[in-house]
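Please look through this structure before reading on.

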Amino acid sequence: MSPGRAPRRRFILLAAATAAATLTLSACSGDGNKAGGGGNTNFVTGSGGISTVAKGERTAAPKLDGTTLDDKSLDVADYKGKVVVLNVWGSWCGPCRAEAKHFAKVSEETADQGVQFIGINTRDAQKAAAVNFEKDFGVTYPSFFDPTGKLILRFPKGTLNPVAIPSTVVIDRDGKIAARTLQALSAEDLRKMIDPLIAEK
């Protein structure tokens with residue numbers, strides 16, 4: 001390798017590492033302004049960063065099945081007829097930690113209203129950290145263990161797909177994607193997101 005190439009190679013490697021670090025940070029930024037994949041999406045984003053789709057224009061949710069943090073099989077399709085709240089989270093993510101207690105609270109409040117909360121734990125290499133996270137914040141609903149994000153990639157581009165961590169996607173009783181946010185939520189904002197879907201007939 002010539003003397004001129006070594007510094008250039010180090011610069012390229014440094015630039016690549018910086019770009020990767022920036023991407024990792026932005027993935028857990030709680031940024032509610034990220035796009036959902038382009039195309040004719042038919043969704044409207046409100047001032048609170050919650051995007052919704054009118055009932056007649058919703059897209060079917062993808063098949064989401066796999067293994068939970070406690071090694072049980074889980075298939076979202078089994079909850080058709082209920083409003084399903086999908087929360088994408090990681091134990092390493094600050095905004096996820098901020099919203100976890102609110103999700104635990106609202107999941108208990110709405111359990112008898114036909115609402116099922118399901119987590120998608122991602123980018124945790126080991127289950128132990130994620131299991132401890134749920135214990136710390138009183139999360140009792142199941143979470144998929146999805147360390148490489150395979151479940152997240154099943155959402156079609158151009159829909160309300162979860163493209164940040166945390167993300168929350170709500171599926172209506174017909175199994176269609178109805179709402180999404182790409183930021184951490186308070187209990188109040190979470191109720192604003194799901195209450196209209198609970199009221200749907």
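1. Ser107 is buried, with a relative accessible area of 9%. Buried here means under 20% relative accessible area, exposed means over 50%, and partly exposed lies in between (1.4 Å probe, protein chains only). Ser107 sits in helix α2. Setting aside neighbours within four places in sequence, Ser107 is in contact with Phe117 and Tyr141. Contact means heavy atoms within 4.5 Å.

2. A word on the source. This is a predicted model, where local features need pLDDT of at least 70, side-chain atom pairs count only at pLDDT 80 or more, and totals for chains, interfaces and linings use all residues. Residues are numbered from 1 along each chain as its sequence is written, and side-chain values use heavy atoms, with hydrogens and water left out.

3. The protein has four helices and 10 strands. Helices (H or I, at least four residues) and strands (E, at least two) are DSSP runs, numbered from the N terminus. Their order from the N terminus is α-β-β-β-β-β-β-α-β-α-β-β-β-α. Of the 201 residues, 42% count as buried. Among contacts with a separation of 6 or more, 73% are between residues 24 or more positions apart.

4. Start the strands with β9, residues 167-171. Five of its five residues are buried. Which residues of β9 lie on each side? Ser167, Val169 and Ile171 are on one side, Thr168 and Val170 on the other, and all are buried. In a regular strand the side chains alternate between the two faces of the sheet.

5. Strand β9 has a partner in β6 (residues 83-89): the two are antiparallel, over five bridges. Two strands pair if DSSP finds at least two bridges between them. Here Val88 stands opposite Ser167. Strand β9 also runs antiparallel to β10 (residues 176-181), joined by four bridges. Val170 has Ala179 as its bridge partner, and Thr168 stands opposite Thr181. Four residues lie between the strands of this hairpin, and Gly175 takes a positive phi near 80°.

6. Strand β10 is mostly covered too, with five of its six residues buried. Three bridges join it to β2 (residues 50-53), antiparallel. Ile50 is the bridge partner of Thr181. Two bridges link β10 to β3 (residues 59-60), again antiparallel. There, Ala60 stands opposite Lys176.

7. Now the cores. A nonpolar core is a set of buried Ala, Val, Leu, Ile, Met, Phe, Trp, Tyr and Cys residues joined through side-chain atoms within 4.5 Å. The largest has 25 residues, of which Val76, Leu86, Ile118 and Phe144 touch the most other members. Elements giving two or more residues to this core are β6, α2 (94-109), β7 (115-121), α3 (127-137) and β9. Strand β6 gives the largest share, four residues. Another core, of 20 residues, lies apart from it; Val83, Val106, Tyr141 and Val170 are among them.

8. How far can the model be trusted in detail? pLDDT is the predictor's confidence in each residue, from 0 to 100. The mean pLDDT is 84, and 76% of residues reach 70 or more. Over residues 10-26 the pLDDT is below 50, and this stretch has one contact beyond near neighbours in sequence. Residues 29-40 are also below 50, but that stretch has 25 such contacts in the model. Where pLDDT is low, the predicted coordinates should not be read in detail.
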